[in-house]
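Colleague: I am new to this structure and would like to learn how to read it. Please take one feature at a time.

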Amino acid sequence: MTDKTGSTGGRQEFEGSLAESDTRVARFENGSRGMAGTIQHLLHGNPTLVPVIVLAASVAVFGLVAGERFFSPFNLTLIMQQVSIIGMLAAAQSLIILTAGIDLSVAAVMVLMSVIAGNLAVKMGVPAPLALLVAFAGGTLAGLLNGLLVTKVKLPPFITTLGTWNIFFALNLWLSGAQSIRSQDIDAAAPMLKVFGNALEFGEARITYGSILMFATFGVLWFLLNKTAWGRHVYAVGDDKEAAELAGIRTDRTLVSVYMLAGFVCAIAAWSSIGRVGSISPQAFYEGNLQSITAVVIGGISLFGGRGSILGALFGALIVGVFQSGLRLAGVDVLWQVFAIGWLIILAVAIDQWIRKVSA
Amino acid sequence: MTDKTGSTGGRQEFEGSLAESDTRVARFENGSRGMAGTIQHLLHGNPTLVPVIVLAASVAVFGLVAGERFFSPFNLTLIMQQVSIIGMLAAAQSLIILTAGIDLSVAAVMVLMSVIAGNLAVKMGVPAPLALLVAFAGGTLAGLLNGLLVTKVKLPPFITTLGTWNIFFALNLWLSGAQSIRSQDIDAAAPMLKVFGNALEFGEARITYGSILMFATFGVLWFLLNKTAWGRHVYAVGDDKEAAELAGIRTDRTLVSVYMLAGFVCAIAAWSSIGRVGSISPQAFYEGNLQSITAVVIGGISLFGGRGSILGALFGALIVGVFQSGLRLAGVDVLWQVFAIGWLIILAVAIDQWIRKVSA
Amino acid sequence: MTAPQPILTARGIVKRYGRVTALDRADFDLYPGEILAVIGDNGAGKSSLIKAISGAITPDEGEIRLEGKPVRFTSPIEARDAGIETVYQTLALSPALSITDNMFVGREIRKPGVLGTWFRILDRKAMEDFARDKLSELGLMTIQNINQAVETLSGGQRQGVAVARAAAFGSKVIILDEPTAALGVNESRRVLELICDVRARGIPIVLISHNMPHVFEVADRIHIHRLGRRLCVIDPGEHTMSDAVALMTGAKEPPASAQAA
Amino acid sequence: MTAPQPILTARGIVKRYGRVTALDRADFDLYPGEILAVIGDNGAGKSSLIKAISGAITPDEGEIRLEGKPVRFTSPIEARDAGIETVYQTLALSPALSITDNMFVGREIRKPGVLGTWFRILDRKAMEDFARDKLSELGLMTIQNINQAVETLSGGQRQGVAVARAAAFGSKVIILDEPTAALGVNESRRVLELICDVRARGIPIVLISHNMPHVFEVADRIHIHRLGRRLCVIDPGEHTMSDAVALMTGAKEPPASAQAA
Amino acid sequence: EDIGACLVTKTDTNPFFVKMKEGAQQGAEANGIRLSTFAGKIDGDVETQIAAVETCIASGAKGILITPSDSRALAPVVTQAREAGLLVIALDTPFEPADVADATFATDNFKAGELIGQWAAAKLGDAAADARIAFLDLNPSEVSVDYLRNQGFMQGFGIDIRNPTDIGDEEDPRIVGHDVTNGNEEGGRTAMENLLQKDPSINVVYTINEPAAAGAYEALKAVGRQDDVLIVSVDGGCPGVQNIADGVIGATSMQFPLLMASKGIEAIKTFAETGERPQNSEGLDFFNTGVELITDAPVDGVPSKTSAEGLGMCWG
Ligand SMILES: Nc1ncnc2c1ncn2[C@@H]1O[C@H](COP(=O)(O)OP(=O)(O)OP(=O)(O)O)[C@@H](O)[C@H]1O
Ligand SMILES: Nc1ncnc2c1ncn2[C@@H]1O[C@H](COP(=O)(O)OP(=O)(O)OP(=O)(O)O)[C@@H](O)[C@H]1O
Ligand SMILES: O[C@@H]1[C@@H](O)[C@H](O)OC[C@H]1O
Ligand SMILES: [Mg+2]
Ligand SMILES: [Mg+2]
């Protein structure tokens, strides 16, 4: 050890004074911030509040514009019914987006599964519970296909689901022959398929089981994401997949499980959609993929993965529902509704960005 | 300098032997590779070859399946016509995707600009060249809006263009009153709008100016991307924006210029589309956004930015065109065509992934 | 060096990345209770070697034995379950997750009873307490909030979390890939102290470093890696830093004795 | 130290990131022809300081002067145009682009004549020749192909490209943020030699490093940064490494003489 | 010799077009014709239809049956086909102008709307004077079937329609509002809910087609209003007729897609063999394949058939 000249116990000599070194590390300072700054700072700590506030604000604005009809218990519960399906899809979509993916096929999976359940239960006389089980298995399998393409073939999720979207769309047309299954036929053969259309009524308010299912789905997923190890792994994988892998997470297995769960949620949404629509329509929800993404991003979940609360997607879906209902009640043309939703997306995410700015 | 005990000219003593150090750095070895490995290795060096080969293979296969009608000069030039508009959109889309963005609004911008040109020239009697100039300016402006939202408001491109897509779609319905402008009316008032529908004929072959325009557009963009500093900057920004910024590129300015150029290309595509369709239909090309993305990814341009040649998108568009034409000629149902395109996307990108694997 | 049986050995490990051969029949031996330093030029294959040992990459050829039994890890989690903890050069922390979450990732503690077994609910309190204990036990840093996101920590603090995680859970072997590369004098010193503490607990350590004084200070043996394989192993008590540098840069041939070590 | 006029000065620079104050009224002086080392603990604000000077971040307060004239850079390109070249801690190379492209990014050479002025065509040959010249002139590495993508280079080679770029274009000041952090003994030595070569050409250099022996070997003056500001400046000929470490870690108060330096 | 023919429909997602395809396939088999079928992916998918027509030309077919997605935008390519010597027949949706095609075999969509309008007015009797009417239309694009049926209904009901190609320029106070359904159940339900929100006293619902009507019914049922609202529709698909029998829909105007297709195939065969082109119906610029009002509650002055009769001929 000839190089250790002048060293103290192996150390290099210049390190001798380290024992006396100062231990202060971080300093904080509170300059003056101004009104906007204060709000920004407040929300920065609780980013999930942002969509809640946007929701409250839109409810308030439309209440003013569209009058008391907007505020009626009937209308408020109606909005919940109307967003219940897109809300469920947004829940599935959030799972995928949290892993830094995107799923263009959620609505196609849902419609395909409703067609499968309907074909089995109504046209082929299979008992409804069995038909539903097949649909659930089918949704999970569709998710498995997406998940395997993403993890094993290593295709980007956007491309994977662009491809499977086309595939599921074609299968749906093929299985349904483009024919809807009528409400009355479902009632006769398998009323169970429509159970989520039933409602609890409190005076004017009609809370369908479908709306409750949506809230319950978000609740369960929130629980899984926040209270279990699996949930932490989902966030870790979305945050930095390579780091998660090295830290000892089976990232591929986690990803596949996420896609399968999302597919399963789509299949549940399929069941709920039969209750909501009344019949089984292979043509419905063509825009559901993009609508679910819209809800998720308005809800403040980052498209880059790993950040955001799944509850944001619930608020995002509700915000869109409130907007559409409010604009319609205010007598705005469909055309300008589309226009307004465009700006809503941009504004909501812009606010979110502003809140999250590091310099908050 | 008491610490420099034993040092030679300031160096730490243990560095004394560095002068004699070995200078070998990299070693290469050529193990046996097998057939697949050899091909993979070959293509790894020239990734742009992949879509070319896929294109050649699909032409060959459909030639066998659909017979000589497929190979007729008429049909082959027809395919070029048929992909000319999606091809132009794919060119615009490539620019955005090279910067690690994505543009869901390209087709909406194009349709909006064709409606604007038509309204001005046909309904309001503005001279056609002026009407086209307004459309070009409009397309560029639409790109500017996207670009500013991405750079200044820092919205993810996906969200920005999801929002502006809705906005442009609504404007389009509003300006057109959802009514197409008839071919005869264009012929009467502003035949110049339809000039790209004209063709050079060689026997059966009909090469429209629109197809030529598509090739020319790819040529010009290829030149810009590969031969000018601006092109290098586009790649650098797409590769690693932060590094590019630190290395001295005005990344925001580069990004905005890319979005504006893409918007401008969409406006040119609008002109070409009037010639192609023959009339101005506000409903056309609703799926154009996703179709352009499909062409780009089949062409091997990475959705993560910075990698791939814009010529890939041209081949990607042609591959889709060949597939569709071949399937149609072979009498395959639309349903199964959609199904096949779904698998085509997955397969093409899977092959590309395999070729690019580092272990090539 | 005196222990008869190495705890971890590797023989003839080969790993190719495309046309680059990162590991070219590399050997490796780690004995119980020792600090083994691995040194070598940039690109010599040090990180590749420890990745192969820790399951982060699967070698193309070669054999790895842990306590004499052949093992074949296909993921870091398997190596971890076998008691090998690694701090990678890139740290492998999830920026958006909290310190606690990062420390426990992949081995979370669940609540006792039904809540844990059936509902699989995490026992946050237990995890936080454990994490706080470990961090202060190592005296490595003054973390204000055990639940703050790792991305809000300084580089040195992050390195500390990664090292603490390895030290807390490594039961058989701890591997550190350049743990002090980005650290200041002060912070580096603390990491070196931690390494000595861990050895004192009887756990052997593999330390990759470019810092010769550090290496010569703490290492019991030095594995010199060159051109993808182990060139030789030297005893820091018998060789100078100059020798080590000369060997690792190819300025000098290894002595016959060292080759066999 | 003897030159009367500093070439680059900063006074009272403040930079806040949210609630963290990275720079707290920091000062800075660089004299012509010198190597100024900047040392300090992790998180002391060294990188933030040089980012403020080189336009990568815009300070909230404070004044920067280049050759006596106040400047306010809003992007690295402006600092570069003013003759300040920086090698950032993260290197700032585009992995998929070639070595040549990376060296010339933002200051490409165009073909002479119409092709260049009108069609803005790049003169690849000129750029490649220049890049090859610079790399071999610096004797820094044996690059096989000047057009290979930077991502195919080893860490040390990358660092070399970044340093070569700065050395080739820096006309007034060159700033290097921990250029040897990840480098081996051999590679570090070459970078230090390069730094001395550049000084020999009369260009002043700012060197951030945690490696005390390196700092004391090449620096003419040492700027000690602590808690977001300049604590003092010392002369390596008059102070020991121990002094420097004690100052930078807060174990010792700066001497009155050093504070004024 | 081998005669080729093509059928190009708007989409494959609508039972109406699936039926039409069946009709064409049967006709082709019966007449020994080689049939290729094409469709857009979604309604309004102009470019896929253009490509389909072009492929037909390339494939050497003798004639094309097409339901144009955009009655103006498809005109140029169809003209091109005719110039290439093909017979082009528009089915279901006329071109603008209709003579772009050699012939049009279609329902009189205005008439279809008018019939259900007349029926609804007669059914309400005096109450028609203060009816509350909801209109469930197709989509924001206002294509011709959309406005023809909508305006036809108004005409039949006795509303001043103003511009006959514009939906929504009317000022009759009985109109509660318009909303779009995309012609499916989900859209029908949501649109109905929305209009009910605007005015809960709606008692007449016009719907663009029967899936939309089925959706509207679900919305009404949810609020217990299904029995005091008249729903009228257009199409006459078998599920729609069944819905008449089940009391979901009050009356619907039946059209005959199978007939359109089979007549179209025959016309192509005749043209291929003799060069003779089909004739339009007297006084119309298209060949009227007829429309039948189906209801189980007939009213005076509007001839109709019952659902039982309807089931025997639905989409025949
Ligand atoms: N994922 C990879 N893909 C391709 N080549 C790789 C990859 N990882 C490592 N290499 C190559 O393998 C060789 C060994 O790399 P490795 O990271 O093991 O070196 P090292 O000894 O750890 O160097 P350093 O001291 O710079 O960390 C290098 O030539 C490197 O470029
Ligand atoms: N982009 C950023 N956002 C938030 N905080 C930051 C950012 N960049 C730096 N900081 C904080 O500012 C402080 C100074 O950081 P800086 O990088 O300047 O330190 P440094 O002296 O270069 O440290 P090191 O030696 O570790 O490189 C640290 O507390 C750091 O966490
Ligand atoms: O006439 C057709 C109609 O019946 C169907 O429901 O939608 C499309 C129309 O063209
Ligand atoms: Mg390494
Ligand atoms: Mg730093």
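Colleague: Which residues lie nearest the centre of the second largest cavity?

Modeller: Rolling a probe the size of a water molecule over the atoms shows where empty space is left. A cavity is a set of points, on a 1 Å grid over the protein atoms alone, where a 1.4 Å probe fits but cannot get out; lining residues have an atom within 4 Å of a point. Here 33 residues line the second largest cavity, and B:Ile86, B:Gln291, B:Val320, B:Gln324 and E:Thr48 lie nearest its centre. The elements giving two or more residues to this lining include α7 (157–176) of chain A, α14 (310–329) of chain B and α2 (46–58) of chain E. Helices (H or I, at least four residues) and strands (E, at least two) are DSSP runs, numbered from the N terminus. The top contributor is α14(B), with six residues.

This is a predicted model: local features need pLDDT of at least 70, side-chain atom pairs count only at pLDDT 80 or more, and totals for chains, interfaces and linings use all residues. Residues are numbered from 1 along each chain as its sequence is written, chains are lettered from A and ligands numbered from 1 in the order in which they are written, and side-chain values use heavy atoms, with hydrogens and water left out.

Colleague: What is the order of strands in the open sheet of chain E?

Modeller: Strands of a sheet pair through backbone hydrogen bonds, either parallel or antiparallel. Two strands count as paired if DSSP finds at least two bridges between them. In chain E, six strands run in the order β2-β1-β3-β4-β5-β11, with parallel pairing. At the edges stand β2 (33–39) and β11 (287–288) of chain E, each with a single partner strand, so one side of each has no neighbour in the sheet. Four bridges join β1 (residues 3–9) to β3 (residues 63–66) of chain E; E:Leu7 has E:Leu65 in β3(E) as its bridge partner.

Colleague: What rotation superposes chain B on chain A?

Modeller: Two copies of a chain are related by a rotation about an axis and a shift along it. For chains B and A, the rotation is 180 degrees with 0.1 Å of shift along its axis (RMSD 0.1 Å). The two copies are therefore related as by a two-fold rotation axis.

Colleague: Which chains have the most contacts?

Modeller: Contact means heavy atoms within 4.5 Å. Among the eight pairs of chains that touch, A and B have the most contacts. Chains C and E do not touch, and their nearest C-alpha atoms are 37 Å apart.

Note on methods. 1 Å grid on protein atoms, 1.4 Å probe; cavity = no way out; pocket = protein on both sides within 12 Å on 5 of 7 lines; lining within 4 Å. Least-squares fit on C-alpha atoms with pLDDT ≥ 70 in both.
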